[in-house]
Amino acid sequence: STIGVIFDLDGVIVDTAKYHFLAWKDLADELGFEFTEAHNELLKGVSRVRSLEILLDIGNVKLSEEKKQEYLISKNEVYLGYITKMGPDEILPGAEDLLNNLDALEVKYVLGSASKNAPLILKQVGLLDRFAAIVDGNSVSKAKPDPEVFLIGAEKLGLPPEKCIVFEDAIAGVEAAKAAHMVSIGIGDQETLSHANFNFNNLTEIPEDFFAQFISE
Ligand code: G6P
Ligand code: MG
């Protein structure tokens, strides 16, 4: 096909954002400050290490490098406790229909996630084999809003960035897609993601003929 699609994982294909939130909140509780859903928006799409920095800024907490390493490990352990219980029922509504639609159109798609747990999550929900490639937190050095993850995705698709369509639920993710000169689709709150080229509340809202406008003969 003349176009390709890059999917973020957390908050687009699966609702792991709630588990990240719970795991970070655990840490904030332990450190003695409040961590709200609004704060959590700032962590979406952001790497684990960067998320901890933002969290500590919110709580005005300074930690040694050693302590930070310790907390990164314990946060991930809490998070793993949640995701190892996940199953196919946690695929977000509309996601499988969308992938089926792309298959029918012969449009290739890859994953473009900041998460180092992406392969495990995809395996848990039974979607690991569906993506042409997995670009995740293990294969990038610069986190969103840097465009690196999506530019590698475009390479895997064998397409120029302008021919790639990115599905994102995070402020930083939409910024990364824009920096990569790709079409950005914001999934979730329209106001939070007003910088996206297109907005939908969730994947069920995407019209079946949506991709036709991008496909040239
Ligand atoms: C995704 C999530 C972030 C998370 C990041 C790293 O982008 O939206 O909230 O911090 O991945 O995930 P990881 O599973 O590697 O901790
Ligand atoms: Mg996300």
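For the metal site I count as donors the N, O and S atoms within 2.8 Å of the metal; water is not among the atoms, so the site may look incomplete. I also keep in mind that this is a predicted model.

**Entry: the magnesium ion**

I looked up ligand 2, the magnesium ion, and found it coordinated by Asp8 (OD), Asp10 (O) and Asp169 (OD). The distances run from 2.0 to 2.1 Å. Next I checked Asp8 and Asp10 for burial, and both are buried.

**Entry: ligand 1**

Then I turned to the other ligand. Which of the 13 residues around ligand 1 come nearest? I got Gly45, Arg48, Ser115, Lys116 and Asn117. I sorted the shell by class and noted four nonpolar, five polar and four charged residues.

For polar contacts, I started with Gly45, where a polar backbone atom is 2.8 Å from an oxygen atom of ligand 1. Lys116 places a backbone N or O atom 2.7 Å from an oxygen of the ligand. Asn117 uses a polar side-chain atom instead, at 2.7 Å from a ligand 1 oxygen. I then checked the area: ligand 1 taken alone exposes 390 Å², and the protein buries 97% of that. Last, I looked up the pockets and found that the space taken by ligand 1 is the largest one.

How values were computed: Residues are numbered from 1 along each chain as its sequence is written. Chains are lettered from A and ligands numbered from 1 in the order in which they are written. This is a predicted model: local features need pLDDT of at least 70, side-chain atom pairs count only at pLDDT 80 or more; totals for chains, interfaces and linings use all residues. Side-chain values use heavy atoms; hydrogens and water are left out. Donors are N, O and S atoms within 2.8 Å of the metal (3.2 Å for Na, K and Ca); water is not among the atoms, so sites may look incomplete. Buried means under 20% relative accessible area, exposed over 50%, partly exposed in between (1.4 Å probe, protein chains only). A residue is near a molecule or strand if one of its heavy atoms lies within 4 Å of it. A polar contact is a pair of N or O atoms within 3.5 Å; within protein, one must be able to donate a hydrogen and the other to accept it, and residues adjacent in sequence count only if both atoms are side-chain atoms. Accessible areas come from the Shrake-Rupley method with a 1.4 Å probe; for residues, only the protein chains shown count as cover. On a 1 Å grid over the protein atoms alone, a cavity is a set of points where a 1.4 Å probe fits but cannot get out, and a pocket is an open set with protein on both sides within 12 Å along at least five of seven lines; lining residues have an atom within 4 Å of a point. A molecule sits in a cavity or pocket if more than half of its atoms lie within 2 Å of its grid points. Ala, Val, Leu, Ile, Met, Phe, Trp, Tyr, Cys and Pro count as nonpolar, Asp, Glu, Lys and Arg as charged, and the others, Gly among them, as polar.
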